[in-house]
Amino acid sequence: MESVLRGIAIYAILLVILRLSGRRTLAQMTAFDFVLLLIIAETTQQALLGDDFSIANAVLLILTLFVTDILLSYVKAWVPSAAKWIDGTPTVLISLGKPDQRAMQRARVALDDVLDAAREQHGLERLDQIKFAVLEVGGHLSIIPTEK
């Protein structure tokens, strides 16, 4: 039972930390982020397993993490407000060619990142060619060009 509680606690703690770190953390992985991910994995492994390194305990933890994730997906489906809290909501960064500086600062997205995404997705070169730029829940930028 202790392993199940540890698994649920670590899942919840990592969910909160990832949620607080922002969506851009998930979408842009640098070499530093990868190293950080490896350190977190090693640290959580010890917190999850404790002194019991048996296969049975590992299987129990894996099942606990999967069941917790599946239950959360049901909670998000049944209670839409929980989905907003858990996953967040899309953030409009540019509306009709005008950047929302406050939203961009909160999301830690630079104008260059938006213009880069606009070039990659639609070949756009200027800000006035962007109707909307949205930071999606998954951390990627969606660019909607103005109609010609």
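Guide: One definition first: helices are DSSP runs of H or I with at least four residues, numbered from the N terminus. The model is a predicted one.

Visitor: In which helix do Asp116 and Arg119 both lie?
Guide: Asp116 and Arg119 form a salt bridge, with their closest N and O atoms 3.5 Å apart. They are three residues apart, about one turn of the helix. The element that holds both residues is helix H7, residues 111-122.

Visitor: How many salt bridges does the structure hold, and which residue pairs with Lys76?
Guide: The structure holds four salt bridges. In the one formed by Lys76, the closest N and O atoms are 3.1 Å apart, and the pair links distant parts of the chain, from helix H4 to helix H5, eleven residues apart. Lys76 is partly exposed at 25% relative accessible area, and its partner, partly exposed as well at 29%, is Asp87.

Visitor: What separates the closest N and O atoms of Arg126 and Asp128?
Guide: Arg126 is partly exposed, with a relative accessible area of 46%, and Asp128 counts as partly exposed at 48%. The two residues form a salt bridge, in which the closest N and O atoms are separated by 3.0 Å.

Visitor: What is the order of the strands in the open sheet?
Guide: Strand S1 (residues 91-95) and S2 pair in the antiparallel sense over two bridges, with Ile94 standing opposite Pro99 in S2. Five bridges join S3 (residues 130-135) to S4 (residues 141-145), and these strands also run antiparallel. Put together, the open sheet of four strands has the order S2-S1-S3-S4.

Visitor: Which strands stand at the edges of that sheet?
Guide: The sheet order is S2-S1-S3-S4. An edge strand here has a single partner strand, so one side of it is left without a neighbour in the sheet. The strands at the edges are S2 (98-99) and S4.

Visitor: Which residue in the turn between S3 and S4 has a positive phi?
Guide: S3 and S4 form a hairpin with five residues between them, and across the paired strands the bridge partner of Ala133 is Ile143 in S4. Within the turn, a positive phi of about 100° belongs to Gly139.

Visitor: Where does UniProt place the transmembrane region, and which residues does it cover?
Guide: The record is an unreviewed entry, and such annotations may be inferred rather than shown by experiment. In the model, residues 29-49 are 90% helix and 0% strand, with end C-alpha atoms 27 Å apart, while residues 55-75 are 100% helix and 0% strand, with end C-alpha atoms 30 Å apart. UniProt places the feature at residues 6-22, 29-49 and 55-75.

Visitor: Which residues does Thr44 contact, leaving aside its neighbours within four places in sequence?
Guide: Thr44 lies in helix H3 (residues 31-49), where it counts as buried at 14% relative accessibility. With those sequence neighbours left aside, the residues in contact with Thr44 are Ile10 and Leu14.

Visitor: What accessible area does the nonpolar surface patch that includes Ile70 have together?
Guide: Ile70 is in helix H4 (residues 55-78) and counts as partly exposed at 43% relative accessibility. Among the other members of the patch are Phe66, Tyr74 and Trp78. Together the patch residues have an accessible area of about 910 Å².

Terms used: Residues numbered from 1 in each chain as written. Predicted model: local features only at pLDDT ≥ 70, side-chain atom pairs only at ≥ 80, totals over all residues. Heavy atoms only, no water. Pairing = 2+ DSSP bridges. Patch = residues over 30% accessible without salt bridge, like charges linked within 9 Å, V, L, I, M, F, W, Y side chains within 5 Å. Areas by Shrake-Rupley, 256 points an atom, 1.4 Å probe, with all protein chains shown as cover. Salt bridge = Lys/Arg side-chain N within 4 Å of Asp/Glu carboxyl O. Buried < 20%, exposed > 50% of the residue type's maximum accessible area, 1.4 Å probe, protein only. Contact = heavy atoms within 4.5 Å.
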